[in-house]
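Here's a quick briefing for anyone opening this one for the first time. Have a look at the structure below, then read on.

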Amino acid sequence: MATGQEPVTPPEQEQRTESPAAPAAPAAPEPEDRAAELDELRDSWRRALADLDNLRKRHAKELERVRGEERARTAAAWLPVLDNLERALAHADADPSAVLKGIETVRDQAVEVLRGLGYPRHEETGVPFDPTRHEVVGVVDDPGAEPNTVAQVVSPGYGADGNQLRPAFVMVSKRQE
């Protein structure tokens, strides 16, 4: 050919010109190779299970350590309150007004400990009844109060917005008729 191009072989001839020794599809792996691969997969699976078990054990130990530290921190916060209660009891024979003042101081200290632990005290009156912060223990007829408002706090609540230790037990004013 004088054009400078290589001659093109038709596809039918290409297939015929291939050597008969050309490899066909890859042969199936030998049973020994499959067994070795299976053993390797089983070993990897067992290692993964062991790692998971070790992770669970480490997490359980860490959780117990953190809980213990938190219990100790909370107990340590209450020790001054306990000390002051014992001092108040030791002076029980003293002037009753002084003992009363001491007990009020200890109560204030206990309220402060709870606030420091994330449970502030709430005992507001005249506020609208909120079922997430208040628990009704009674209804009162108070002509001077708006209906469905807290008229009296029987026991204060502790905590705030989603982190409540106890709701306030309250008396609520009823609707005027």
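What is the strand order in the open sheet of 3 strands? The order is β1-β4-β5, and the pairing is antiparallel. Keep in mind that this is a predicted model. The protein chain has 177 residues, and 14% of them count as buried.

**Overall layout**
- You'll find 3 helices and 6 strands in the protein chain.
- Walk along the sequence and the pattern reads α-α-α-β-β-β-β-β-β.

**Confidence**
- The average pLDDT for the protein chain is 85, with 82% of the residues scoring at least 70.
- Among the chain's elements, strand β6 (residues 168-173) has the highest mean pLDDT, at 95.
- Helix α1 (residues 11-17) sits at the other end, with the lowest mean of 53.

**The open sheet**
- Back to that sheet, with its order β1-β4-β5.
- β1 (121-122) and β5 (163-166) are the edge strands; each has a single partner strand, so one side of each has no neighbour in the sheet.
- Strand β4 (residues 157-160) and β5 run antiparallel and are joined by 3 bridges.
- As a general point, strands of a sheet pair through backbone hydrogen bonds, either parallel or antiparallel.

**The nonpolar core**
- The largest nonpolar core is made of 5 residues: Val-150, Val-153, Ala-168, Val-170 and Val-172.
- Both β3 (150-155) and β6 supply at least two residues of this core.
- β6 gives the most to this core, with 3 residues.

- Trp-45, Leu-49, Leu-52 and Leu-55 make a nonpolar surface patch of about 400 Å².
- One of these residues, Leu-49, belongs to helix α2 (residues 31-90).
- Is Leu-49 buried or partly exposed? Leu-49 counts as partly exposed because its relative accessibility is 41%, and buried would mean under 20%.

**A look at Ala-98**
- Ala-98 lies in helix α3 (residues 96-116).
- With a relative accessible area of 44%, Ala-98 is partly exposed.
- Ala-98 and Ala-88 are 10 residues apart along the chain, and their C-alpha atoms are separated by 9.1 Å.

Notes:
Residues are numbered from 1 along each chain as its sequence is written. This is a predicted model: local features need pLDDT of at least 70, side-chain atom pairs count only at pLDDT 80 or more; totals for chains, interfaces and linings use all residues. Side-chain values use heavy atoms; hydrogens and water are left out. Patches are made of residues with over 30% relative accessible area and no salt bridge: like charges are joined within 9 Å, nonpolar side chains (Val, Leu, Ile, Met, Phe, Trp, Tyr) within 5 Å. Accessible areas come from the Shrake-Rupley method with a 1.4 Å probe; for residues, only the protein chains shown count as cover. A salt bridge is a side-chain nitrogen of Lys or Arg within 4 Å of a carboxyl oxygen of Asp or Glu. Helices (H or I, at least four residues) and strands (E, at least two) are DSSP runs, numbered from the N terminus. Buried means under 20% relative accessible area, exposed over 50%, partly exposed in between (1.4 Å probe, protein chains only). Two strands pair if DSSP finds at least two bridges between them. pLDDT is the predictor's confidence in each residue, from 0 to 100. A nonpolar core is a set of buried Ala, Val, Leu, Ile, Met, Phe, Trp, Tyr and Cys residues joined through side-chain atoms within 4.5 Å.
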